[in-house]
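Please look through the sequence and the model below before reading on. The report that follows takes up the sheet, the ligand and some details of the backbone.

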Amino acid sequence: MTTESPLDTARSQLRSAVEKLSLSESMWNTLSTPRRILEVAVPLRRDSGVVEMYKGYRVQYSTTRGPSKGGIRFHPDIDLDETVALAMLMTWKCALVNLPYGGAKGGVAVDPRTLSSRENERLTRRYTSEILPIIGPERDIPAPDVGTDEKNMAWMMDTYSVNAGFSVPGVVTGKPIVLGGSLGRTTATGDGVAISTREALLDRGLPVAGATVAIQGFGKVGYWTAVAVEAMGMKVVAVSDVTGGVKDFGSIADLQSHMAAGGDISDYAKGEKITNEELLHLDVDVLIPAALADAINHESAVGIKAKIVVEGANAPTTPEGDRIMSEKGITVVPDILANSGGVIVSYFEWVQDKQNYFWSADQIRENLESMMLKAFAEVRHVVKENRVSWRDAAMMIGVGRVAEAHKLRGLYP
Ligand code: NAD
């Protein structure tokens with residue numbers, strides 16, 4: 001059994017969409033090639049005075065439908081291939097929810113937990129200045145991803161603005177509110193995952209109230225998903241982070257206070273300890289992978305008992321994992337639909353920054369919900385019409401829109 005890399009997974013999903021849409025080989029060549037790749041060295045002076053070098057990347061996979069858009073990841077394992085894969089997914093995701101964006105991704109191969117706050121700031125600023133020539137509100141707009149948050153976005157916005165000579169809030173999204181961030185951005189990805197979960201339950205004819213949910217990953221996506229699904233009446237029975245998992249614990253709020261005080265899930269005293277693998281195999285209605293790629297693969301998919309898998313993380317399922325889940329009759333709501341709430345509200349933030357006019361929390365919530373429901377309905381329609389999986393349907397819409405844009409723009413020169 002081969003182990004698939006996130007790039008293999010992304011290319012295989014694209015190949016399947018290209019075939020289902022009967023696109024030409026020329027279009028496959030066009031769609032399967034990233035447009036711009038920048039690899040940079042990021043020097044960091046540690047607090048001790050020692051200088052260390054880190055690798056940084058920014059991949060602009062596509063700018064066909066607008067400026068590229070995508071997160072910045074600080075994680076020791078990132079490499080160019082994974083960054084290309086994630087930038088590719090962003091391209092189909094933005095097209096699926098019909099945002100006027102291409103797709104991008106970037107990051108630094110560093111473990112942010114080993115950095116002091118000052119070191120994190122210096123690294124973020126130096127990385128920003130290395131990729132500065134290719135980013136900007138009309139070119140490419142970064143956002144937070146794994147290992148980065150609104151602090152990093154504030155430093156990126158400041159570094160870009162200092163170089164421009166004036167404030168440019170629209171260069172990044174996911175900023176603090178006082179710097180031109182948007183209400184609702186912090187919770188947006190989790191809110192969207194919860195909306196997807198509710199819609200998938202309803203689609204299967206299952207009750208939302210009391211539906212049991214297990215969530216792998218308790219970061220920005222996992223935590224806010226847990227809050228949002230419980231607000232809809234579901235019950236989160238297990239969560240995990242990189243240190244391990246817990247089930248039948250007290251409450252999300254109590255666990256979050258433990259984490260906010262610097263704890264990990266493995267040292268949380270309440271509930272029953274489980275491993276990340278055991279979490280994936282719990283007998284729940286919904287499983288939400290919200291950590292990293294490849295969580296559901298040829299091995300881990302076999303023991304999944306959930307009826308529905310909602311992909312909070314990007315690329316959490318390999319093609320083999322998909323095949324096994326499909327044989328078991330599991331509905332998989334794919335990443336490009338399920339976690340699109342984050343980029344949707346990032347888009348709202350960018351629009352508000354461009355207009356210097358800020359919306360209310362209610363406007364954000366209503367617009368997010370209506371865009372997600374529209375995308376959900378479109379995907380559901382393709383699922384029923386073409387008898388394909390939710391992933392294939394979502395990819396057919398996203399890839400189809402990018403292909404159409406290529407055709408209409410034509411090939412220069
Ligand atoms: P984060 O850094 O805030 O949290 C990541 C979580 O995953 C942490 O709880 C971490 O402990 C856990 N984790 C890491 N490695 C793990 C492992 N091997 N096993 C189990 N848990 C592990 O990151 P995030 O922003 O929540 O992103 C999570 C996923 O969601 C990523 O795939 C990201 O690309 C995707 N995503 C994020 C956003 C966003 O707005 N932040 C939007 C769309 C998709």
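Which way do strand 10 and strand 11 run, and how many bridges join them? Strand 10 (residues 286-289) and strand 11 (residues 308-310) run parallel and are joined by two bridges, where strands are DSSP runs (E, at least two residues) and helices are DSSP runs (H or I, at least four residues), both numbered from the N terminus. Within this pair, Val286 has Ile308 of strand 11 as its bridge partner.

This is a predicted model, in which local features need pLDDT of at least 70 and side-chain atom pairs count only at pLDDT 80 or more, while totals for chains, interfaces and linings use all residues. Residues are numbered from 1 along each chain as its sequence is written, and side-chain values use heavy atoms, with hydrogens and water left out.

**The sheet**

Strands of a sheet pair through backbone hydrogen bonds, either parallel or antiparallel. Here, seven strands form an open sheet in the order 9-8-7-6-10-11-12, with mixed pairing; two strands count as paired if DSSP finds at least two bridges between them. Strand 9 (272-274) and strand 12 (331-333) are the edge strands, each pairing on one side only. From one strand to the next, the twist averages 20°. Helix 7 lies across strand 6 (212-216), strand 7 (235-241) and strand 10, and runs at about 175° to strand 7. Contact means heavy atoms within 4.5 Å, and axes are lines fitted to C-alpha atoms, for helices over the stretch in contact, with angles from 0 to 180 degrees between N-to-C directions.

**The ligand**

The ligand is surrounded by 22 residues, of which the closest are Arg73, Asp145, Thr189, Val221 and Asn314; a residue is near the ligand if one of its heavy atoms lies within 4 Å of it. Helix 6 (185-203) and helix 7 (220-231) each supply at least two residues of this shell.

| Residue | Distance to a ligand oxygen atom |
|---|---|
| Gly147 | 3.1 Å |
| Gly219 | 3.2 Å |
| Val242 | 2.9 Å |

The protein covers 84% of the 830 Å² of accessible area that the ligand has on its own, by the Shrake-Rupley method with a 1.4 Å probe.

**Backbone details**

A cis peptide bond, with omega about 0°, joins Tyr412 and Pro413, and Pro413 lies in the segment after helix 14 (390-409). Ser22, in the loop between helix 1 (6-20) and helix 2 (25-31), has a positive phi near 55° although Ser22 is not a glycine.

How values were computed
A polar contact is a pair of N or O atoms within 3.5 Å; within protein, one must be able to donate a hydrogen and the other to accept it, and residues adjacent in sequence count only if both atoms are side-chain atoms.
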